[in-house]
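Please walk through the following model from its overall form down to individual side chains. The paragraphs below take the fold, the surface and the charged contacts in turn.

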Amino acid sequence: MSLELTLQFLMLSIGFIAVAALFLNVDKKRTQKRLEVELAEYEQQHEQNNQKHN
């Protein structure tokens, strides 16, 4: 009985870690896309400022 309980706990822990890793991966991709959008907006604004000064 103790071995079964230990194995169940281990499986539960592995499942939790897998879900957490999946969530972090999705969050990383979302953050990457947001940063790319912000960088593009910054570059566009910077370009417009340079055109105003010239």
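The protein chain contains one helix and zero strands, where helices (H or I, at least four residues) and strands (E, at least two) are DSSP runs numbered from the N terminus. This is a predicted model, in which local features need pLDDT of at least 70 and side-chain atom pairs count only at pLDDT 80 or more, while totals for chains, interfaces and linings use all residues. Residues are numbered from 1 along each chain as its sequence is written, and side-chain values use heavy atoms, with hydrogens and water left out.

Helix 1 covers residues 2-53, and the C-alpha trace of the protein chain spans about 80 × 10 × 5 Å along its principal axes. The radius of gyration of the protein chain is 23 Å, whereas a compact globule of 54 residues would have one near 10 Å; this radius is taken over C-alpha atoms, and the globule rule is 2.2 Å times the number of residues to the power 0.38. Two residue pairs give a sense of scale: Ile17 and Glu4, 13 residues apart in sequence, lie 20 Å apart in space, C-alpha to C-alpha, and Phe9 and Lys29, 20 residues apart in sequence, lie 31 Å apart, C-alpha to C-alpha.

How much of the protein chain is made up of buried residues? The share is 0% of the 54 residues, with buried meaning under 20% relative accessible area, exposed over 50% and partly exposed in between (1.4 Å probe, protein chains only). Ile17 is exposed because its relative accessible area is 55%, and Phe9, also found in helix 1, counts as exposed at 58%. Leu7 counts as partly exposed at 47%, and together with Leu3, Leu10 and Ile14 makes a nonpolar surface patch of about 410 Å². Such patches are made of residues with over 30% relative accessible area and no salt bridge, like charges being joined within 9 Å and nonpolar side chains (Val, Leu, Ile, Met, Phe, Trp, Tyr) within 5 Å.

The structure holds two salt bridges, each being a side-chain nitrogen of Lys or Arg within 4 Å of a carboxyl oxygen of Asp or Glu. In one, Arg30 pairs with Asp27, the closest N and O atoms being 2.8 Å apart; these residues both lie in helix 1, three residues apart, about one turn of the helix.

Notes
Accessible areas come from the Shrake-Rupley method with a 1.4 Å probe; for residues, only the protein chains shown count as cover.
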